[in-house]
Amino acid sequence: MVRLRLDLGYDGTAFSGWARQPGRRTVQGEIEQALGRILRLAEPPALTVAGRTDAGVHARGQVAHVDLPVAALAELARRSARTARPAGEPEAELPADVDERLATLVRRLGGVLEQDVRVHRVCVASDGFDARFSALFRRYAYRVSDAPGGGDPLRRREVVWHNRPLDPDAMNAAAARLLGEHDFAAFCKKREGATTIRELQRLRWARDANGVLVATVVADAFCHSMVRALVGALLAVGDGRQPVEWPAQVLTRAVRDSGVHVAPAHGLCLEEVGYPPAEELAARAAATRRVRTVSAVGDAPLQDE
């Protein structure tokens with residue numbers, strides 16, 4: 001078997017989220033079907049992803065891995081390489097031209113997949129790599145326009161329009177009180193047996209060159225709806241409906257507050273997943289699995305949005 005790392009991105013507009021669902025178009029389902037078709041597998045292979053995104057959420061820097069029989073890569077070989085090996089004899093080791101074969105896989109995926117999902121790179125994963133458990137952090141961006149007449153119509157699928165002026169200084173003052181390790185139950189959809197304790201490493205707003213407000217949100221992992229609930233609370237501060245102290249007060253109460261509205265999905269994008277150096281991947285994965293097991297979290301930390 002060989003483990004492959006896939007770096008990918010997608011426009012989440014027409015997807016029912018990342019996770020495979022019967023009868024629904026999902027990112028995982030589309031890529032698994034494409035891999036099975038290209039590699040002529042009896043069954044589509046199963047992908048493991050760094051962060052499972054919800055319906056409508058986008059990704060620019062998503063990462064996944066898949067385990068395949070080495071022999072499956074034979075479908076990607078040049079015709080001369082396929083005919084040189086005796087019929088029916090499987091490849092037991094990675095072929096010398098594996099990088100060339102994986103470049104071919106990227107090109108073929110580009111021809112099979114719809115244009116709203118792209119696999120940018122496929123490579124043999126480093127020893128110990130796990131797209132989910134080896135990750136050190138996930139970085140999201142949330143984009144909001146408060147332009148009086150509405151946002152740029154050409155960016156309507158990735159930028160939410162807020163119809164009141166926003167004060168980024170007030171939003172950042174409120175965000176600073178949320179940083180660190182806390183129980184974010186007030187900003188998460190509750191899941192039976194799942195912990196809501198997270199370490200929020202960064203949450204800051206800034207305007208880009210076009211005046212769009214962009215929140216950068218970084219944590220080791222997120223619970224379901226956490227980013228969009230935090231954004232919703234900060235928008236209430238930014239437009240003056242709530243004081244700067246309010247989000248921290250909600251956090252301290254550790255129960256869902258009816259005043260916290262989950263922001264729309266289409267403003268959110270997974271921008272980056274960070275990993276340690278290759279020699280630390282296995283140790284990081286083992287440590288993360290140990291924490292998840294003790295906490296009885298299951299898949300909850302990666303059902304990010």
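Q: To start with the rings, how many aromatic pairs does the structure hold?
A: The structure, which is a predicted model, holds 4 aromatic pairs. In one of them, the rings of Tyr10 and Phe15 have centres 6.4 Å apart and planes at 70°, so this pair is edge-to-face.

Q: Are Tyr10 and Phe15 buried or exposed?
A: Tyr10 and Phe15 are both buried, and ring pairs also bring in Trp18, so that Tyr10, Phe15 and Trp18 are linked into a cluster.

Q: What about Phe129 and Tyr275, what kind of aromatic pair do they form?
A: Phe129 and Tyr275 form a tilted pair, with 5.1 Å from centre to centre and 55° between the planes.

Q: Switching to charges, how many salt bridges does the count come to?
A: The count comes to 20 salt bridges. Among them is the one between Asp67 and Arg3, whose side chains meet at 2.7 Å, N to O. Asp67 belongs to strand β3 and Arg3 to strand β1, so the pair ties together parts that are 64 residues apart in sequence.

Q: Which residue does Glu272 form a salt bridge with?
A: Glu272 forms a salt bridge with Arg139, and their closest N and O atoms are 2.9 Å apart. This pair links distant parts of the chain, with Glu272 in strand β10 and Arg139 in strand β5, 133 residues apart. Glu272 is partly exposed at 30% relative accessible area, and Arg139 is partly exposed at 26%.

Q: Which residue pairs with Arg253 in a salt bridge?
A: Arg253 forms a salt bridge with Asp257, with the closest N and O atoms 3.0 Å apart. Arg253 is partly exposed, at 44% relative accessible area, whereas Asp257 counts as buried, at 19%. As for networks, salt bridges that share partners join Arg3, Asp67, Asp130 and Arg289 into one.

Q: Now Arg198, where is its place?
A: Arg198 has its place in strand β8, which covers residues 197-207. Arg198 is buried yet has no salt bridge, and the nearest side chain of opposite charge, that of Asp220, is 5.5 Å away.

Q: Then what does the side chain of Arg198 reach?
A: The side chain of Arg198 reaches the backbone oxygen of Thr195, at 3.3 Å.

Q: New topic: which residues in helix α6 are buried?
A: In helix α6, which runs over residues 246-253, the buried residues are Trp246, Pro247, Ala248, Val250 and Leu251. These buried residues pack against α4, β7 and α5.

Q: What happens just after α6?
A: Just after α6, Ala254 takes a positive phi of about 60°.

Q: Last one, which residue does UniProt list for "binding site"?
A: The UniProt record, an unreviewed entry, lists Tyr140 under "binding site". Tyr140 is found in strand β5, and it is buried, with a relative accessible area of 0%.

Notes
Residues numbered from 1 in each chain as written. Predicted model: local features only at pLDDT ≥ 70, side-chain atom pairs only at ≥ 80, totals over all residues. Heavy atoms only, no water. Buried < 20%, exposed > 50% of the residue type's maximum accessible area, 1.4 Å probe, protein only. Helix = DSSP H or I, 4+ residues; strand = E, 2+ residues; numbered from the N terminus. Contact = heavy atoms within 4.5 Å. Lys, Arg positive; Asp, Glu negative; His and termini not counted. Salt bridge = Lys/Arg side-chain N within 4 Å of Asp/Glu carboxyl O. Polar contact = N/O pair within 3.5 Å; in protein donor to acceptor, adjacent residues only side chain to side chain. UniProt positions renumbered as here; feature names shortened; annotations may be inferred. Phe/Tyr/Trp six-rings, centres within 6.5 Å; stacked < 30°, edge-to-face > 60°.
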